[in-house]
Amino acid sequence: MSKKYIIATLAILLLPLTLGAQGLRGSYFLDNSIVRTKLNPAFSPRANYFQLPVLSNTGVGVYGNIGASNVLYPMDGSLYLFLNKNVPADQFVNSLPAIPGIDISFDTNLLSFGFYGSDHSFWSVETGLTVDASVGLPKEFLEFAKRGPENGRVYSLKGFNIYANASLYASLGYSRDLSDVVKGLRIGAKARLLIPAAEASVDLGNSTITADNQQLLVNTDATGTLASTFFRLIPAENAGEAPQFEFLTKYAPAGYGFGIDLGAEYRLSVGSVMDGLTFSFSVLNLGAKFYKAQNLQKLASKGNVVYTGAENVTFDENSNIGDVFTKLGEDFVKLGNFTDVSDDKDITMMTRPTFNFGVEYPFVNDKMSVGLLYTLNQRMNRTLSHELTVSYNLNPCKWFNLGVNYSFLNVYKSVGWILEFSPKAGVDFFIGTDFLYTEMMPKLFLPVDKLWTNVNFGLTLMLGSKHAK
């Protein structure tokens, strides 16, 4: 089997994963920041505001546990791809995590606004779009790519999964100061309506590849789900043939769902040196999505497929790269050999919640503070992700916010920053990242360490308020 087939297959899977977003954790302790309200519904901004589509709050990011140092190797003044014979197989395999993978997400506001109802209460209405995707590639699959076919050896594909989702959402939020009941306490909640446009997932489960120098025997034990009203998959009639897609004229939501955010903030005020110490907690995106049977395709693949298609593929400097990738992509899809096993049962999918726990201590008349934020969330492959972020925050005046932070505990450790100009009336501007690359490969501008970064930015029209301080 041609190793170039594996290169192109991985490129097909990973090249689309160039954009994506999480909430900007560095903003959590910037008291005058408008973007921090996404991280805890108890927080309230300085004034009433109005946000325009895309421009006001957009975030993109990539979160992976592999990086350039896993696949590119500098040797003798040259840079080699991991498949090159000069790269020792053991060195490459030992550098990989058990299940290399990448998550991406994209989040943007469509139309949002917020306003104070009184000195104690703040309301917000928000609409937006989110796009999420992930790919998990088992270590044995990449080892197979490196070592090539070994007669009789069985390679496990467990952990090979692909997920993608695009959804619209609309939310109503409310935050209230309860100092008249418990001094220093503020609570908030946000109810969200989810409108999934499409969702797809594939999991190769216990599938395996048994290789020799002439062919591959793919033993499939895979499942898949496709929720959409505007396209459907038509399984191949015969094993080894590629499936087709039928595009429909019906444009409607694939389902519906709901989510809720809850938050609380308590600022200590007992007449001691610890006054101003603030504790906060939030749970975000707690909910579920519901899909009707008529909008669902349930896919399954179980059996053996003999695959020899890669033998006729050439890949050299004279090849048309687009044509080669198209051919290889079609061949790869054939390996799944999915059949439609849809039934009349609806399905429910739980959302992936995020938990935030924060502690902040201000000093120099609240113009500076240090904070510690713990974040727990569930990644798209349902594994748990833990993050601890230490922040130093500077607010020399109410319209200027600057924060620097250091994140660790998870698969990546990095410095982040956020800069925000936040007048009570006028244009609020912010930009920041939680994960700033500090070491890049020369000329290629690729991160040496794990591919783990995000960026958020936005312009918001601040309208002032007689109720805001």
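**Getting to know this predicted model: strands, rings and confidence**

At 32% relative accessibility, F421 counts as partly exposed; that label covers the range between buried, under 20% relative accessible area, and exposed, over 50% (1.4 Å probe, protein chains only). This is a predicted model, in which local features need pLDDT of at least 70 and side-chain atom pairs count only at pLDDT 80 or more, while totals for chains, interfaces and linings use all residues. Residues are numbered from 1 along each chain as its sequence is written, and side-chain values use heavy atoms, with hydrogens and water left out.

**Confidence**
- The protein chain has a mean pLDDT of 80, and 81% of its residues reach 70 or more; pLDDT is the predictor's confidence in each residue, from 0 to 100.
- Confidence is highest in strand β14 (residues 256-267), with a mean of 95, and lowest in helix α1 (residues 3-14), with a mean of 38.
- Helices (H or I, at least four residues) and strands (E, at least two) are DSSP runs, numbered from the N terminus.
- Over residues 1-21 pLDDT stays under 50, and the model has 66 contacts there beyond four places in sequence, a contact being heavy atoms within 4.5 Å.
- Residues 309-322 also stay under 50 in pLDDT, with 18 contacts beyond four places in sequence.

- Strand β20 (residues 368-378) and strand β21 (residues 384-397) run antiparallel and are joined by 11 bridges; two strands pair if DSSP finds at least two bridges between them.
- Within that pairing, N377 has S385 of β21 as its bridge partner.
- Eight bridges, again in the antiparallel sense, pair β21 with strand β22 (residues 400-408).
- L388 stands opposite F408 in β22, and a hairpin of two residues leads from β21 to β22.

**Aromatic rings around W399**
- There are 14 aromatic pairs in the structure; rings of Phe, Tyr and Trp (its six-membered ring) pair if their centres lie within 6.5 Å, with planes under 30 degrees apart counted as stacked, over 60 as edge-to-face and the rest as tilted.
- One of them is edge-to-face, because the rings of W399 and F400 have centres 6.2 Å apart and planes at 70 degrees.
- F400 counts as buried at 16% relative accessibility, whereas W399, at 46%, counts as partly exposed.
- W399 also pairs with F421: the centres are 6.3 Å apart and the planes at 20 degrees, so this pair is stacked.
- Because W399 lies in the loop between β21 and β22 and F421 in strand β23 (residues 414-421), the pair ties together parts that are 22 residues apart in sequence.

**Charges over rings, and another ring cluster**
- Y28, F29 and F43 are linked into a cluster by ring pairs.
- R36 lies over the face of F43, 3.6 Å from the ring centre; a charge sits over a ring if NZ of Lys or CZ of Arg is within 6 Å of the ring centre and within 35 degrees of the ring normal.
- R192 lies over the face of Y169, at 5.9 Å from the ring centre.

**F258 and its surroundings**
- F258 is found in strand β14 and counts as partly exposed, at 43% relative accessibility.
- Beyond its neighbours within four places in sequence, F258 is in contact with R192, L194, L286, G287, A288, F290 and T351.
- From F258 to Y169 there are 89 residues in sequence and 8.9 Å in space, C-alpha to C-alpha.
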